[in-house]
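Visitor: I would like to go through this model with a few questions.
Guide: Go ahead; the structure is shown here.

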Amino acid sequence: MSLVDALQWRYAAKRLNGEAVPEEKLERILEAARLAPSSFGLQPWSLVHVRSPELRQRIHDAAAPQPQVIEGSDLLVFAVHDSDFYQQLDHHIRHTAETRGMTESDLAGFRDMIKGTLDGKGDHQAHLAWAARQAYIGLGVAIAAAASEQVDASPMEGFKPDALDEVLGLHDKGLRSVALLALGYRDAERDQGAGFKKVRRSMEKFVYRLG
Ligand SMILES: Cc1cc2nc3c(=O)[nH]c(=O)nc-3n(C[C@H](O)[C@H](O)[C@H](O)COP(=O)(O)O)c2cc1C
């Protein structure tokens, strides 16, 4: 199945049937998210994977009262790194040097460029907003990866991040949740949306072809 066919097949399922996503499919979806690009490769976000039904029930009750949270088999939490971004930059430079067999001084120009971008964005809140944009690229990649595995994926912003972070103890891990993705299999009988046509602007209205 081509990627476009998979994207036609997918929809944001609201009701899932409880069937478990096989381990190998789950791992490929996680790997796709890990490989998502980010600005400067900084990857200022992580994935939190929750399978335990009890834990998902607690998330549902305290922070995200949508059926997909408990009717899927897995819940992915996209969470930005809440630590100082200049420290994240130092870590990224060390990691890049180690991975590519370079010295940190080889990367001094690259480091200065990223530092300039962080300076220009302003305060920690602005850095967090930038990090969330990177996490959303991962969300999109994970949605596409799930579709290519014929796994239903329900993205969710309709939840209380502080309450969810509390349930999962994310502050202690230096994380803040920004988006959720429930994984599972559609329950077409109970899900009205399963039969709906996709609502998207036409290609003519969507793409400005300027030459
Ligand atoms: C970032 C994001 C957040 C979303 N949040 C929710 C949500 O909280 N609850 C929900 O039922 N659907 C949510 N959706 C699903 C959208 O409503 C859905 O993707 C959109 O209507 C397009 O329909 P389709 O994905 O079924 O093609 C979200 C989608 C995205 C991409």
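Visitor: How many bridges join strand β1 to β2?
Guide: This is a predicted model. Strand β1 covers residues 45–50 and runs antiparallel to β2. Within this pairing, V50 stands opposite L75 of β2. The number of bridges joining β1 to β2 is six.

Visitor: In β4, which residue is the bridge partner of H81?
Guide: Strand β4 spans residues 175–184 and is joined to β2 by eight bridges, the two running antiparallel. H81 lies in β2, which comprises residues 74–81. Its bridge partner in β4 is L175.

Visitor: How many residues of β2 are buried?
Guide: Buried here means under 20% relative accessible area. Strand β2 is mostly covered. The count of buried residues in β2 is eight of eight.

Visitor: Which residue has a polar backbone atom 3.0 Å from a nitrogen atom of the ligand?
Guide: A backbone N or O atom of P155 lies 3.3 Å from a ligand nitrogen atom. The 3.0 Å distance to a nitrogen atom of the ligand belongs to a polar backbone atom of E157.

Key:
Residues numbered from 1 in each chain as written. Predicted model: local features only at pLDDT ≥ 70, side-chain atom pairs only at ≥ 80, totals over all residues. Heavy atoms only, no water. Buried < 20%, exposed > 50% of the residue type's maximum accessible area, 1.4 Å probe, protein only. Helix = DSSP H or I, 4+ residues; strand = E, 2+ residues; numbered from the N terminus. Pairing = 2+ DSSP bridges. Polar contact = N/O pair within 3.5 Å; in protein donor to acceptor, adjacent residues only side chain to side chain.
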